[in-house]
Protein chains: 2
Amino acid sequence: MKQTYFTPGPAELYPTLYKHLQTAMDEQIGSISHRSQKFRDIYRFTDTQLRTLLNIPDTHGIFFTGSASEVWERILFNCVEHESFHLVNGSFSKKFYDYANALHKYAHVFEKPFGEGFDYTEVDVPEYAELICVTHNETSSGVQMRPTEIHKLKRKYAKKLVVVDMVSSAPYPDLDFALVDSAFFSVQKAFGMPAGLGVWIASQTCLEKAERLQKYDNLTVGAHHTLPTLWSHYKTFETPATPNVLFIYLLGKIAEDFNKIGIDTIRKQTDEKARMLYKFLDASDDYTPFVKQERHRSQTVVVATTKEPSTEVIASAKQAGMIIGTGYGKFKESQIRIANFPAVSIEQVDLLINQLQK
Amino acid sequence: MKQTYFTPGPAELYPTLYKHLQTAMDEQIGSISHRSQKFRDIYRFTDTQLRTLLNIPDTHGIFFTGSASEVWERILFNCVEHESFHLVNGSFSKKFYDYANALHKYAHVFEKPFGEGFDYTEVDVPEYAELICVTHNETSSGVQMRPTEIHKLKRKYAKKLVVVDMVSSAPYPDLDFALVDSAFFSVQKAFGMPAGLGVWIASQTCLEKAERLQKYDNLTVGAHHTLPTLWSHYKTFETPATPNVLFIYLLGKIAEDFNKIGIDTIRKQTDEKARMLYKFLDASDDYTPFVKQERHRSQTVVVATTKEPSTEVIASAKQAGMIIGTGYGKFKESQIRIANFPAVSIEQVDLLINQLQK
């Protein structure tokens, strides 16, 4: 029986994915050279669709990596000489911070307990931090930081670079790329694709920083997928190494489908489904929304504490053809995580709520 | 019209790939969690099939990256404190060397002209080189280094680590992993899959080196896909970050298909097809094998200099439904490259030879 995946990534595949995959196989996209005009056309198409969808200006390039986790490393290598600053409130923002330490950067951290979020007013960025690392959506705890708060942070610290981890929320957050220097996501979340591709958006300012580190500071910015090599190949819609051509093709097609619906509609549908889920959780005796502050509640990954052991809730849902996520880490057995991505419809969310009510 | 791809990667998809992809879609492999038992079973299965196919002992782990190019960086980060040594005779072995320089390692090089190969007797490895970087098959020039020569090199320099780039030849070369510390390949070559997955085989000795660099030398070994994190997750058949689950599944299935045929048969078929191609080229007035020394001629990527501009040869073949590779770099218009991977049959190679004869 086909299950509906409400897991926060890998997640339910977007309904049109199968059709696009079939077309890709028919057109032998898996065999074409990444140095061919056909590939350059695919890269250009995906680039155009993502620019439209996320409102990305010409100042920013769009690059492909193996995963979003890889981008954590790349941005730190390319945009931090000495010091980075991290807002940490869950496992993934923590890993970004850990990566900085692993690269021997001097990493500052402002940490909050699991389930709590950040507001602009309470954030003090250390004087010498070069890069502010923000996680728009903490997949582990279901906490978001609102784009307006991120924008205010950049306005206050205009000379520092701001990078936004939007792994489990893109294309939902309406980021202003005049203020956001870099952002990244992976395709197995809200884009409804299998895992295996990271997308890195970075500005000319990020590139200049990487070039400065390389040339004048004689610092290594890594060897693979450095921003200068990614960018020089990007000028002709190529990549430094053989990329995941098939997934770049599929991403372009999914982004095109999103654009046909319209990003405003997708955001409204996301809001509506999130409203349904939180309304149910708030009213229920069996579930409690984990995130207390409404403004910090994620629209795309809804986390609830369960009265029964969450394993039982998950098992019952599975019987009914619905896969929901476990809690993360130590909350594995006391919480559930429900992804609210475009691949699941209002009707499917309704079915899930009915199931959870049982 | 469906074309037959004789390009050296991305290449012709292995005939069973379509069926496995369909099964994967039916089983919703693109949605399963990389922290689930189902994923661990897939990793274990692919691991087992690759061990059988390539005769990999328990001393070595098998890890997944975004590409083989990424492995160049990972092995240099994890296994070189100061000095590496590179056998360079084409564009890809050169890039491996470039990566070492980019990471600020002291990289020694023994370079030969494009089209020439290495024999064990002529190689002197500098005293302080820690890692010997060998390219079994230079995809750009169609030159191979025979496994027996690689093994002799390791025997002479037993205390140094030897890593073999087998990107465009695996599973063809019969490497002895009692002598080869590490090897890597990507799936879009002889495994007949779309690009987007690198496979890294590394020994316990490599792991110990990485741990030593981290702990005692206080050196960064990178942050993403470090050997210690890959290995610690590998113990339970997991990965540090979300991997390309779908492609790991497909790789296991293709490797299983190869094992059903038997690696000996696959190697014999490869030899037979290579013999046909070189015999034709040797006898032809219109083509000359680029690699003069027979012992250095690649069995998996056959490169020929053409009398006519190679663009014309390639255009005619395309008309007949066969895609062959251009020459690499400055040889783009004077050479052709023909991949001899398991995905193309003896009959298809025969058709190609008939076409080239026209």
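In chain B of this predicted model, B:Ser67 sits in the loop that joins strand E2 (60-65) to helix H3 (68-79), where helices (H or I, at least four residues) and strands (E, at least two) are DSSP runs numbered from the N terminus. B:Ser67 counts as buried because its relative accessibility is 9%, buried meaning under 20% relative accessible area with a 1.4 Å probe and protein chains only. A polar atom of the B:Ser67 side chain lies 3.2 Å from the backbone nitrogen of B:Glu70. Leaving aside residues up to four places away in sequence, B:Ser67 touches A:His224 and A:Thr242 as well as B:Leu197 and B:Gly198, a contact being heavy atoms within 4.5 Å.

The area buried between the two chains is about 3700 Å², with 57% given by carbon and sulfur atoms; buried area is the accessible area (1.4 Å probe) lost on putting two parts together, summed over both. Of the area that chain A buries against chain B, A:Gln28, A:Ser31 and A:His224 supply 16%, more than any other three residues.

Two salt bridges are counted between chain A and chain B, each a side-chain nitrogen of Lys or Arg within 4 Å of a carboxyl oxygen of Asp or Glu. The side chains of A:Glu73 and B:Arg74 meet in a salt bridge at 3.0 Å, N to O.

Residues are numbered from 1 along each chain as its sequence is written, and chains are lettered from A in the order in which they are written. Local features need pLDDT of at least 70, side-chain atom pairs count only at pLDDT 80 or more, and totals for chains, interfaces and linings use all residues, while side-chain values use heavy atoms, without hydrogens and water.

Conventions
Buried < 20%, exposed > 50% of the residue type's maximum accessible area, 1.4 Å probe, protein only. Polar contact = N/O pair within 3.5 Å; in protein donor to acceptor, adjacent residues only side chain to side chain.
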